[in-house]
Structure formats: C-alpha cells, structure tokens
Amino acid sequence: MAAELTCKELVELVTEYLDGALSLDELERFEEHLVYCAPCVTHVEQMRDTIRLVGAVREEDLDPVVADELLAAFRGWREDTA
Amino acid sequence: MKAYKFLLPDRVAPFTGFRWPVGEWAEADRQALCTAGIHACDHGDLPFWLLDELWLIELGESVVRGRHKLVAPNGRLVRRVEAWDAAAGEDFSAACIERVRGLAARRPDAAGHLADLAGWAPHVRPAAVASLAARAFEAFESRKGYDDERAEQSAWLVGRLGLDAAA
C-alpha cells in the first residue's frame, strides 16, 4: 500500500467520509490528503453541499414537468441498461 | 504535555471549523482516535499537517498516538509559533526541492519528479510540496525513502522554527 491516498482513492471514499463510516486509519489518511490537495477539498465541499441541498428537496417541491422528465429519463436509463 | 497544532488563519480548525480560543481549555466530547478529541502533532507529525498557523498547544492527560498525530481529551493553545510564516513556508518548499534535486542527481529517471515539483511549488501550499517530495522518494526508494524524506522535513521544521526551544 502506498504511503498516501491518491485523489482517485479519496473520491471513492468521500461518501463514507461524509457518513462518518471510514475506519480510523482511512480517516487519518483521508484528512492528511485534504491538507495538501486543494482540488480534493473542493470536491468534498461540493459533495457535502450537494447532499445537503438534495436532502432538502421534497417531492412536492418539484415542478410537475421536471418530475415527468426525470421519471422518463430514469425509465429510459433502466431500459438502456437492462 | 506540550505539542503543536496547525490551524487555518484566525485559529480555525480545518476539519471542524472550530475557532480556537487562546489560553482556554477546549474539551472534546469523547476521546476516540481520529473521530473526536483534540488533535495535535509531535515533531515527526509536523510535515503531514502543514497549514497557515502553527501553535504551541498544551494537551491534557491520556494522550493517544495515532498514525501521524496525537489525540487528547482536552487542550489549550499556549502561543503561536511566529517563525512559521509565508517566508518559512517558501524556504521549506525550497529545501524539499533541493533534496529531490539530489535524488535526481543519483537517479536520472527521477528528473520528471523534480521538474513536476519545481513547476508546482510556486502554486501550491508547502504541504503539497512536502507530499510530492516524499512521493518522489517513495517512487525510487520505496517506503523507506518516503519515511526518510518525511523525517528530513520534520528535522528542517524543528531546526528552522526552533521548536525544541519553543516546547
């Protein structure tokens, strides 16, 4: 194992980091990386903001047209990947 | 025990956003390595946490050692280490580059690492220069090279900042 996390490894761990689910060793390596890697700091902040904003959206907040478009897109995705 | 703590400007902790008071004891909710507790550095930990401000911190009892940090249930900032400033950061980065230059002199295939490091150094924090330099040594001298370079960085900081005298 390399001494430090790579940016790719950090991106793979970011959800667990924000959920507080990293092991202690992973957490220390994760935070060490954030000390020197400004782009990863930005990525973590963007993910944190995204989760907060998306979590605040209720189904009734969606414009019905947008809701229909999203449902159609997901149905198409399921068909494409089936 | 006395230790050191790097903070963002105005004594702000990088991961919690906590703004440290000076001279007042701060208490952690519970002591658990990494996830809670007051985090600090001994000399060998310093290169891993380089940020804008360096403070001398007094830690309470029951200090636990992490991979590259100390964790305690409480602590208080004693005083700022004024010698760690932008000029010291630039000199620290230059010293890292010089050691990688020495590596490239012994191992010509390390020239790319040297070029990358010298190119990036003016645009990134000293912490990034330190990491790039250590990884250059790791690439050619495995983990021992990495650890030795980190030890060199620590020794540079202790000497330049007069940390033995500070503690």
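Modeller: The largest cavity holds about 50 Å³ of space, and a search of the whole structure finds one cavity of 30 Å³ or more. A cavity here is a set of points, on a 1 Å grid over the protein atoms alone, where a 1.4 Å probe fits but cannot get out, while a pocket is an open set with protein on both sides within 12 Å along at least five of seven lines, and lining residues have an atom within 4 Å of a point. Grid points are joined across faces, edges and corners, and a volume is the space filled by probe spheres set on the points. This is a predicted model, in which local features need pLDDT of at least 70 and side-chain atom pairs count only at pLDDT 80 or more, whereas totals for chains, interfaces and linings use all residues. Residues are numbered from 1 along each chain as its sequence is written, chains are lettered from A and ligands numbered from 1 in the order in which they are written, and side-chain values use heavy atoms, with hydrogens and water left out.

The lining of the largest cavity is made of A:Glu4, A:Leu5, A:Arg29, A:Glu32, A:His33 and A:Tyr36, together with B:Phe48, B:Tyr146 and B:Arg150. Two elements give two or more residues to this lining, namely α2 (24-36) of chain A and α3 (126-161) of chain B, where helices (H or I, at least four residues) and strands (E, at least two) are DSSP runs numbered from the N terminus. The largest share, four residues, comes from α2(A). By class, the lining residues of the largest cavity divide into four nonpolar, one polar and four charged; Ala, Val, Leu, Ile, Met, Phe, Trp, Tyr, Cys and Pro count as nonpolar, Asp, Glu, Lys and Arg as charged, and the others, Gly among them, as polar.

One of the lining residues, A:Glu4, also takes part in a salt bridge with B:Arg135 (3.3 Å, N to O), a term that stands for a side-chain nitrogen of Lys or Arg within 4 Å of a carboxyl oxygen of Asp or Glu. This pair crosses between chains, from A:Glu4 in the segment before α1 of chain A to B:Arg135 in helix α3 of chain B. A:Glu4 counts as buried at 6% relative accessibility, whereas B:Arg135, at 30%, counts as partly exposed; buried means under 20% relative accessible area, exposed over 50%, and partly exposed in between (1.4 Å probe, protein chains only).

Another salt bridge joins the side chains of B:Arg67 and A:Asp25 (3.8 Å, N to O). Because B:Arg67 lies in the loop between β5 and β6 (70-72) of chain B and A:Asp25 in helix α2 of chain A, this pair joins two chains as well. B:Arg67 is partly exposed at 26% relative accessibility, and A:Asp25 is partly exposed with a relative accessible area of 36%. Salt bridges that share partners join A:Glu4, B:Arg135 and B:Arg150 into one network. Over all chains, the count comes to 20 salt bridges.

Helix α2 of chain A also supplies at least two residues to the lining of the second largest pocket, as do α1 (7-18) and α3 (38-56) of chain A and α3 of chain B. That pocket has a volume of about 600 Å³, and A:Tyr36 is among the residues closest to its centre.
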